[in-house]
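Q: Hi! I've just opened this one and I'm new to it. Can we walk through the pockets, then a few other bits?

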Amino acid sequence: MTSAATSQDLLPADLSMGTVMLKVADMKLMTDYYQRALGLEVVAEEDGGVYLGRLRRPLVHLAPAPSLHLPGRGEAGLFHTALLFDNQAALAATVATAAQFDPRLFTGSADHLVSEAFYFNDPEGNGIELYWDRPRKNWSWNGTEVVMDSLALPPQRYLEQHLSQESLDGQLGTEAGVGHVHLQVGDVQSAHDFYVGTLGFEKTAGWHGQALFVSAGRYHHHMAMNVWNSRGAGPRKDTLGLGEVLIEVASGDDVGALADRLKVAGVASRHTGAELRFEDPWRNNIRVAVRWAGVAGSAAHHALG
């Protein structure tokens, strides 16, 4: 906790990132990619859209939006959705199927000290990170900031070390979650003012004034914002790509506390008790909702929500 914040000002330490909604043009192409390349299965269907995930836990919601256009170069929006895997073998299996599906969609890899990460784009250009966290006891902190880097992580060597036929065969039976969501924004200071100053995340790292990493409960980051492709971007138009970011909390009291902070800050929101909807300064839609018990209940909640 920073000296400037009280517990009432902060998001709860046990929050988690929920389903990321994407507005898509070609449902067949995109559903095929998330199933065959990323090893997800259909958890629920609603209004022509599909929720895909693992073990009945929805991770990505593909919503049909055939009349919309791709975002223009330099616009705010999604940088990537980061899917977190429990172990290196499970990560390697999904990296392998994604690379085999279409090697051209692979965009890079890095050892971030806290994690090992591989990057892809889906067929409509939405960024995806597939990663595994090193144990928290191995993370280093400088006070309130976690030590991260971007070191070489050769993909072929990684697959040689961690990929097995067993992990490929059991891909659908292994857990995965949305570990974090990384956004493209117009400027880092406005992102800090909103996500730290108003929402109540804590800053965990910066990157030469070009990126901000924030979390609750001393995770390395639940969300991040950068200006690498979008410096100076204004509010988003309604385009293909990011539709909604979901943050899940344990209780209605957590939702209510945030609703109060937004009201004080003059941020427009819609509060129904169990959930709260609002926009960040770039018109990225954020929803904060009470986490439902059990993966089956979670899937039903997401499908109905």
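Q: Which strand gives the most to the lining of the largest pocket?
A: That would be strand 5, with 4 residues. This is a predicted model, where local features need pLDDT of at least 70, side-chain atom pairs count only at pLDDT 80 or more, and totals for chains, interfaces and linings use all residues. Residues are numbered from 1 along each chain as its sequence is written, and side-chain values use heavy atoms, leaving out hydrogens and water.

Q: What counts as a strand or a pocket here?
A: Strands (E, at least two residues) and helices (H or I, at least four) are DSSP runs, numbered from the N terminus. On a 1 Å grid over the protein atoms alone, a pocket is an open set of points with protein on both sides within 12 Å along at least five of seven lines, while a cavity is a set where a 1.4 Å probe fits but cannot get out; lining residues have an atom within 4 Å of a point.

Q: OK, and what volume does the largest pocket have?
A: About 500 Å³, where a volume is the space filled by probe spheres set on the points, and grid points are joined across faces, edges and corners. Of the 28 lining residues, Leu 78, Phe 79, Gly 125, Gln 184 and Asn 229 are the closest to the centre. Elements giving two or more residues to this lining are strand 5 (77-85), strand 7 (115-121), strand 8 (127-133) and strand 15.

Q: What about the second largest pocket, who sits closest to its centre?
A: His 112, Asp 149, Ser 150, Trp 207 and Phe 213, out of 25 lining residues. The volume of this second largest pocket is about 430 Å³, and strand 6 supplies the largest share of its lining, 3 residues.

Q: Which residues line the largest cavity?
A: Leu 22, Tyr 34, Leu 38, Val 60, Thr 81, Leu 83 and Ile 128 do. The largest cavity has a volume of about 40 Å³, and the structure holds 1 cavity of 30 Å³ or more.

Q: Switching topic: how many aromatic pairs are there?
A: The count comes to 8. Rings of Phe, Tyr and Trp (its six-membered ring) pair if their centres lie within 6.5 Å; planes under 30 degrees apart count as stacked, over 60 as edge-to-face and the rest as tilted.

Q: Why is the pair of Phe 106 and Phe 120 called what it is?
A: The ring centres of Phe 106 and Phe 120 are 5.3 Å apart and the planes are at 65°, so the pair is edge-to-face. Phe 106 is in strand 6 and Phe 120 in strand 7, so the pair ties together parts 14 residues apart in sequence.

Q: Is Phe 120 buried or exposed?
A: Phe 120 is buried, at 1% relative accessible area, whereas Phe 106 counts as partly exposed at 29%. Buried means under 20%, exposed over 50% and partly exposed in between (1.4 Å probe, protein chains only).

Q: Last one: which residues of helix 6 are buried?
A: Val 255, Gly 256, Leu 258, Ala 259, Arg 261 and Leu 262. Helix 6 (residues 252-265) has 14 residues, and is followed by Gly 266, whose phi is positive, near 80°.

Methods. The expected span of a helix is 1.5 Å times one less than its number of residues.
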